[in-house]
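Dear colleague,

I am passing the structure below on to you, and my notes on it follow. Please read them with the model open beside you.

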Amino acid sequence: MSYQQHHSMGSGSRSARRSFEFGRTYVVRPKGKHQATIVWLHGLGDNGSSWSQLLENLPLPNIKWICPTAPTRPVALLGGFPCTAWFDVAEISEEAHDDLEGLDASAAHIANLLSTEPADVKVGIGGFSMGAATALHSATCFALGRYGNGSPYVVNLRAVVGLSGWLPCSRSLKNKIEGSHEAVRRAASLPILLCHGTCDDVVSYNYGEKSAHLLTAAGFRHLVFKPHDGLGHYTVPKEMDEVRNWLAPRLGLEGSR
């Protein structure tokens, strides 16, 4: 599936059109009654298959998991080497330039995957590392009611999970949300779980923690930030148990307290 966007911003009248070809999507069907659907996003250089195998074994029988694969594109962080990436990134830091076009394209692809879910099924987004950053970009699009390019965002998100990630496009987020009563209401309604390892040497723990503070300051009141002592840039069963225990009550799944 490809996504095309007319891009006209930044340097005067400069405009260009980029097309993004997304890879294969893997789906884990619910083993019980279908009550929720979550799109889960892999990290840089990975694909949907590895996470679908992990999520297949997570005891949440009422969730359908959709695990897409990002487009293969040159990544500045890797010296222009092409690999699967939800957006381009030159460095993982607060000073980094945000690839808004790439972020919007991925957020639109995710929204498209969720758009055909039944009306009575609650929908959410989760991800690891760059996938978590993309999930958080989708969370801000939901709050603002629009993508970064101004197009309307129409998915009604009910939960967002980010593991070992960061918040892109954070600089003006607070002002944008505070400028709209609807945005304030939507931000306050969205539960977010962020987990981060204290020994992460790829996306520093401090950066993950600061992203959580920025989201809270912008009005995301139902945000939980969970540090994991000694954890590097990977996930462990204890962290996935935390995700399961957090998701079940937030989505009102059967059997959850």
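**Helix α6 and its surroundings**

Helix α6, residues 205-217, is 13 residues long and spans 18 Å from its first C-alpha to its last, close to the 18 Å expected at 1.5 Å a residue (the expected span being 1.5 Å times one less than the number of residues). Helices here are DSSP runs of H or I with at least four residues, strands are DSSP runs of E with at least two, and both are numbered from the N terminus. The buried residues of α6 are Tyr205, Tyr207, Gly208, Ser211, Ala212 and Leu215, where buried means under 20% relative accessible area, exposed over 50% and partly exposed in between, with a 1.4 Å probe and protein chains only. These buried residues pack against α3 (130-144), α4 (173-178), β10 (192-197) and β11, contact meaning heavy atoms within 4.5 Å. After α6 comes Gly219, whose phi is positive, near 115°.

Before going further, please keep in mind that this is a predicted model, in which local features need pLDDT of at least 70 and side-chain atom pairs count only at pLDDT 80 or more, while totals for chains, interfaces and linings use all residues. Residues are numbered from 1 along each chain as its sequence is written, and side-chain values use heavy atoms, with hydrogens and water left out.

**The annotated region and the sheet**

The unreviewed UniProt entry carries the annotation "domain: Phospholipase/carboxylesterase/thioesterase" for residues 26-247; such annotations may be inferred rather than shown by experiment, and their positions are given in the numbering used here, with feature names shortened. Over residues 26-247 the chain is 35% helix and 22% strand, with its end C-alpha atoms 21 Å apart.

Seven strands make up an open sheet of mixed pairing, in the order β3-β5-β4-β8-β9-β10-β11, two strands being paired if DSSP finds at least two bridges between them. At the edges stand β3 (26-28) and β11 (223-228), each with a single partner strand, so one side of each is left without a neighbour in the sheet. Neighbouring strands of this sheet are turned by 15° against each other on average, direction ignored. Strand β4 (residues 36-41) runs parallel to strand β5 (residues 63-67) and is joined to it by four bridges; in β5, Trp65 is the bridge partner of Ile38. Helix α2 (residues 100-114) packs on the sheet, where it touches β4, β5, β8 (122-128) and β9 (157-163), and its direction makes about 155° with that of β4 (axes are lines fitted to C-alpha atoms, for helices over the stretch in contact, and angles run from 0 to 180 degrees between N-to-C directions).

**Aromatic pairs**

A search of the whole structure finds seven aromatic pairs, counted when the ring centres of Phe, Tyr or Trp (its six-membered ring) lie within 6.5 Å, with planes under 30 degrees apart called stacked, over 60 edge-to-face and the rest tilted. One of them is the tilted pair of Trp40 and Trp51, at 5.3 Å centre to centre and 35° between the planes; it links Trp40 in strand β4 to Trp51 in helix α1 (residues 48-56), eleven residues apart. Trp51 also forms a tilted pair with Phe128, at 5.9 Å centre to centre and 35° between the planes, and here Phe128 lies in strand β8, 77 residues from Trp51. Trp51 counts as buried at 6% relative accessibility, and Phe128 is buried with a relative accessible area of 11%. Trp40, Trp51, Trp65 and Phe128 form one aromatic cluster.
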